Amino acid sequence: MPHILIVEDETIIRSALRRLLERNQYQVSEAGSVQEAQERFSIPTFDLIVSDLRLPGAPGTELIKLGQGTPVLIMTSYASLRSAVDSMKMGAVDYIAKPFDHDEMLQAVARILRDRQSASSATAEQRPTGKAANGADKPGVDNSNGEIGIIGSCPPMQDLYSKIRKVAPTDSNVLIQGESGTGKELVARALHNLSKRAKAPMISVNCAAIPESLIESELFGHEKGAFTGASAGRAGLVEAADGGTLFLDEIGELPLEAQARLLRVLQEGEIRRVGSVQSQKVDVRLIAATHRDLKSLAKIGQFREDLYYRLHVIALKLPALRERGADVNEIANAFLLRQSARINRTDLRFAADAEQAIRHYSWPGNVRELENAVERAVILSESPEISAELLGIDIELSDLEDDDFIGLAPQQGAAGNTSHEPTEDLSLEDYFQHFVLEHQDHMTETELARKLGVSRKCLWERRQRLGIPRRKTGVASES
């Protein structure tokens, strides 16, 4: 079980963070200052140190030297963002801005511990293999993509790895496209780590998580008195990424005014803080990600067309999990090992029905949904074998094999139509589409779902995926 040291002088924050980490199977020790940490513990023995930047006495960055190689995650407020970036230059492995949400902290901790384990494995083996480069909790990773740190070997992913290796050494802007939960930030981090900017900071910003009224100030900074409450000037996130990489997730949510400012950064290489009349030069590489169709948004005026073409220099497409074949089981087993290690259980394994369920479920939430399902199953499992039921996923029409589906031929229709047996050469999706188009004019959604043997939710999801719109017909409306 990883052992983490928290160094924070505010008791409430320290206690809350301790409870959060302990709930997630980490061993935790705590101190209120660097001096107290030195007196009570052997600092280099910890797997990770999480420290506030500003502490009574010595600052949190002092722990970088005292840790003798132990990774240090610095906590800081947005007001001292520049100091946080400086702390990374001093050797901190990363920083996290206060206030942070629980998921953000847990993701940062898991990533740092995973990277530390990867580095240890690579050092021990001298020549890293796929497993050494990706950590012992990511088994079965193809050796050829070890340095990228993403699991999977299906053809679409192999093509993606090839493009990442070609694009990473350049300074070209990159647009990563893919559904939510497919791992777009992992691709962005791989591009940064394989670039010449790898030793500089990578600043990640979720554009959808920042209130529209604050996003320009957060990105570009502001001067004292620029708006009500601006009691002091401060640097923005673009400025903090100077020399490194700026990753803008969900860029389709960026307001038009902020898009115009961002365009200036890309065209001129300079920013102007809110409330300032002077510009300053910045050197950042921009990586953007979105699950939305920016070209369509540009056509209807919801996204700047000139910015779209600036971003679209290199476009990388991440396949959905349901399109990655056997990768899904490989990823599930990696999550199983990781979650098992957290609760000190080495006997857990997937039952045959669970393996089938994982392989054939459509995973609308992609990798994020898979990770949550595995974590839930590990926590609830009372025996070494994890059943499909414990995964808590709804295996329906979209997830059945063709042989399983043949018996679901609809019977007499609502308008007296005789049933149509599916021909053997029809795929599941072909059959679904054929049946819905043939019967939707005289059946309600409830009747369609019942005849197909699925839920209305599944019917709706399949309509969306196959692009079959609901027709406005004379069928009686449903409550």
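Glutamine 339 has its place in helix H14, which spans residues 327–342. The model described here is a predicted one. With a relative accessible area of 6%, glutamine 339 is buried. When residues up to four places away in sequence are not counted, glutamine 339 touches Glu371, Glu375 and Val378.

## Overall composition and confidence

The protein has 479 residues, of which 49% are buried. Its secondary structure comprises 21 helices and 14 strands. Among contacts with a separation of 6 or more, 64% are made by residues 24 or more positions apart.

The mean pLDDT of the protein is 80, and 81% of its residues reach 70 or more. Among the elements, strand S6 (residues 174–177) has the highest mean pLDDT, at 96, while helix H6 (residues 130–134) has the lowest, at 34. The pLDDT is below 50 over residues 123–144, a stretch that has 46 contacts in the model beyond near neighbours in sequence. The pLDDT is also below 50 over residues 473–479, where the model has 14 contacts beyond near neighbours in sequence. Where pLDDT is low, the predicted coordinates should not be read in detail.

Strands of a sheet pair through backbone hydrogen bonds, and the pairing may be parallel or antiparallel. In this protein, five strands form an open sheet with parallel pairing, in the order S7-S8-S11-S6-S12.

Strand S7 and strand S8 (residues 245–249) run parallel and are joined by five bridges. Asparagine 206 has aspartate 249, in S8, as its bridge partner. Helix H8 (residues 184–193) packs on the sheet and touches S6, S7, S8, strand S11 (285–290) and S12. The direction of helix H8 makes about 150° with that of S6.

Leucine 219 lies in helix H9, which covers residues 215–220. Leucine 219 counts as buried because its relative accessibility is 1%, below the 20% cut-off for that class. Apart from neighbours within four places in sequence, the residues in contact with leucine 219 are Val205, Gly236, Leu237, Val238, Glu239, Leu248 and Leu254. One of these contacts is with glutamate 239, which is 20 residues away from leucine 219 in sequence. The C-alpha atoms of leucine 219 and glutamate 239 are 8.0 Å apart in space.

## Salt bridges

Side chains of opposite charge can pair when their charged atoms come close. The count for this protein comes to 22 salt bridges. One of them joins glutamate 22 to arginine 18, with the closest N and O atoms 2.9 Å apart. Glutamate 22 and arginine 18 are separated by about one helical turn because they stand four residues apart in helix H1 (residues 11–23). Glutamate 22 is partly exposed, at 36% relative accessibility, and arginine 18 is also partly exposed, at 27%. Both residues belong to a network of salt bridges that links Arg14, Arg18, Glu22 and Glu30.

Glutamate 270 and arginine 264 form another salt bridge, with an N to O distance of 2.3 Å. In this pair, glutamate 270 is buried, with a relative accessible area of 13%, whereas arginine 264 is partly exposed, at 37%.

A further salt bridge brings together the side chains of glutamate 385 and arginine 349, at 3.9 Å from N to O. This pair links distant parts of the chain, since its residues are 36 residues apart: glutamate 385 is in strand S14 (residues 385–386) and arginine 349 in strand S13 (residues 349–350). Glutamate 385 is partly exposed at 40% relative accessibility, and arginine 349 is partly exposed with a relative accessible area of 43%.

Definitions and conventions: Residues are numbered from 1 along each chain as its sequence is written. Side-chain values use heavy atoms; hydrogens and water are left out. Helices (H or I, at least four residues) and strands (E, at least two) are DSSP runs, numbered from the N terminus. Buried means under 20% relative accessible area, exposed over 50%, partly exposed in between (1.4 Å probe, protein chains only). Contact means heavy atoms within 4.5 Å. A salt bridge is a side-chain nitrogen of Lys or Arg within 4 Å of a carboxyl oxygen of Asp or Glu. pLDDT is the predictor's confidence in each residue, from 0 to 100. Two strands pair if DSSP finds at least two bridges between them. Axes are lines fitted to C-alpha atoms, for helices over the stretch in contact, and angles run from 0 to 180 degrees between N-to-C directions.
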